[in-house]
Every structure is written in structure tokens, then in C-alpha cells.
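Biologist: I'd like to go through this model with you and hear what stands behind the words you use. Can I put some questions to you?

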Amino acid sequence: MDQMLRLDLGVDRLVTGLHEVTEAFAAAVEGLDPQATVPTCPEWRVRDLVGHIGQAYRWSGELVRSRAAAPTPQPRAAELGPPREWAGWLRESTDDLVAAVTEVGPETVVWTFLGDRPARFWLRRMLADSVVHLADAAAAAGRPFAVAPDLAADAISEGLELIAAAGAAALKPDLVELRGDGQTLQWRAGDAAPGWLITRGPGGVTWERRTADADVVVAGPVAELLLVFSRRTRPEEARVAVSGDRALLEHWRARTVF
């Protein structure tokens, strides 16, 4: 089965999750200096981070709504207005994407960067992206990162699906270096069981949701696993325990920069 067609969360949960993360993101950036650097994305300012989120929602919403055969133009600068209007602009951006998927139907096939997929692909892609960027916003605000365990878990699954998808290496050549001869990595979260078992084979990466022994094991709360998985923090700085081949973990992390 094509792993990109799997759906761990139902469409309704994807929608409520988008709204939850949008509200949390808006609260995290409230009152921040728009020109402040985002520590986990040092090439971005806070305004860039906010603009990216809302712009990506609107871009994907228009892509779904128009059923474009190729990606619609993505504007270079988002018109997000002054900081006092950010929360409303972000909510409108979220509503636009949700409305677009509702209008065409979540199972309607649309363009994606990995080939034609159901429109719900974009709900999930934007949710996973926003969960990670919520961590960026929290870092910029000096706040702890908090997200529902099911959303953090699905962001990990969605990231693995992108890495393992046919054609992914053409978009990100570093992924070719993840081919191996059976090395395994286990991400294990007690609050989001089962874990994720990754195998590096000659043909590329495969993975499954199960808990097993592996060459390297990363264990901890699922939100902390996501921070390490998405390279928002180093394993030694997170509330995780690493056992086994640390070099294998670092090789993985160095080649899965998003």
C-alpha cells in the first residue's frame, strides 16, 4: 500500500488540529518583535515565520480549490498586516484551506509535489508543518513547546511518509544516503504507542508503527521525539534517552533536514 495514502487521523481531527495549532501559534507570537530572530530557524525573523504559515495555508487552499495541474504561483511576501492583526489573518488562512478541501471533497484527487493525491493530503501536510513551526514560535517566545500527543505523533508519521515516498530523493538528494543494508532506528514514545521502526535498506527507507529492538533507540514523550526528529533540538538537549548507535542517529538527522 502507498504509505502516502495512509491516514492515522481522520479528516475531522485534521481540521480541529489545524485550528488548535493555529490558535497556539498565534498565542506564541503575540507581542513578539516582528524582526526578532527565530532561534530554531536563524535565517528567519518572527514576521517571516508568521507569513510562512498563513501564506502556505492560502497557497495550498488555492491549489486545492482550483484543482491546478501544476502548483499555483506562491507569492514571495505575505500580506499579513501589523502584528495586532496576525491572529485574525492566521485564522482566516486556516479557514481558507479547510473551506477549499470541504468544497472539493477530501478524497478529490489534486496535485501535490509527490504526484496526484487526495485533497486531504494538504490538510495533513499543513498540519504537520505547522506543528513543527509551533515549536519554532515557542522557541522565539521562550515558552515550552506543547502540542496534543496525537498531533505530534502524526507529524512524525507524516514526515516519515515523505522521506520514504517514491520520488522523494529526486526532491531531496540527501535522502539517497539513507540507503543501507538493514540498519534500524526506533523512535519510542510512551504517550503515543506504538513507536516507529525505521529500516534502511538497499532500496531506501521503510518504516512501520511498531515497537521493537533496533540499532539505535530514541525514547521519550512524543513531543520531545518530534523536536529531535525535526531537528529543533539535539537529543542531548531534549527529554529523551538514546541507546545504541548514536552515529547512526546523527547520520539520519544530518540527511533529513527539512
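Biologist: Which helix gives the most to the lining of the second largest pocket?

Modeller: α4 does, with three residues. Keep in mind that this is a predicted model, where local features need pLDDT of at least 70, side-chain atom pairs count only at pLDDT 80 or more, and totals for chains, interfaces and linings use all residues. Residues are numbered from 1 along each chain as its sequence is written, and side-chain values use heavy atoms, with hydrogens and water left out.

Biologist: What makes something a pocket, and what makes a residue part of the lining?

Modeller: On a 1 Å grid over the protein atoms alone, a pocket is an open set of points where a 1.4 Å probe fits, with protein on both sides within 12 Å along at least five of seven lines; lining residues have an atom within 4 Å of a point. The second largest pocket has a volume of about 200 Å³, a volume being the space filled by probe spheres set on the points, which are joined across faces, edges and corners. Of its 13 lining residues, the closest to the centre are Ala139, Phe145, Leu227, Arg232 and Thr233.

Biologist: Why is Thr22 called buried?

Modeller: Buried means under 20% relative accessible area (1.4 Å probe, protein chains only). Thr22 has 5% relative accessibility, so Thr22 counts as buried. Thr22 sits in helix α1, residues 11-29. Beyond its neighbours within four places in sequence, Thr22 is in contact (heavy atoms within 4.5 Å) with Tyr57, Leu90, Arg91 and Thr94.

Biologist: How do you know that α7 is mostly covered?

Modeller: Eight of its eight residues are buried. Among them are Val222, Glu224 and Phe229. The cover includes α4, α5, β5, β6, β8 and α8. Just after α7, Arg231 takes a positive phi of about 65°.

Biologist: What makes a run a helix or a strand here, and how many does the chain have?

Modeller: Both are DSSP runs, numbered from the N terminus: helices are H or I with at least four residues, strands are E with at least two. The chain comes to eight helices and nine strands.

Biologist: Why does the radius of gyration agree with a compact globule?

Modeller: The radius is taken over C-alpha atoms, and the globule rule is 2.2 Å times the number of residues to the power 0.38. With 258 residues, that rule gives a value near 18 Å, and the chain has 18 Å, so the two agree. Buried residues make up 52% of the chain.

Notes:
Buried < 20%, exposed > 50% of the residue type's maximum accessible area, 1.4 Å probe, protein only.
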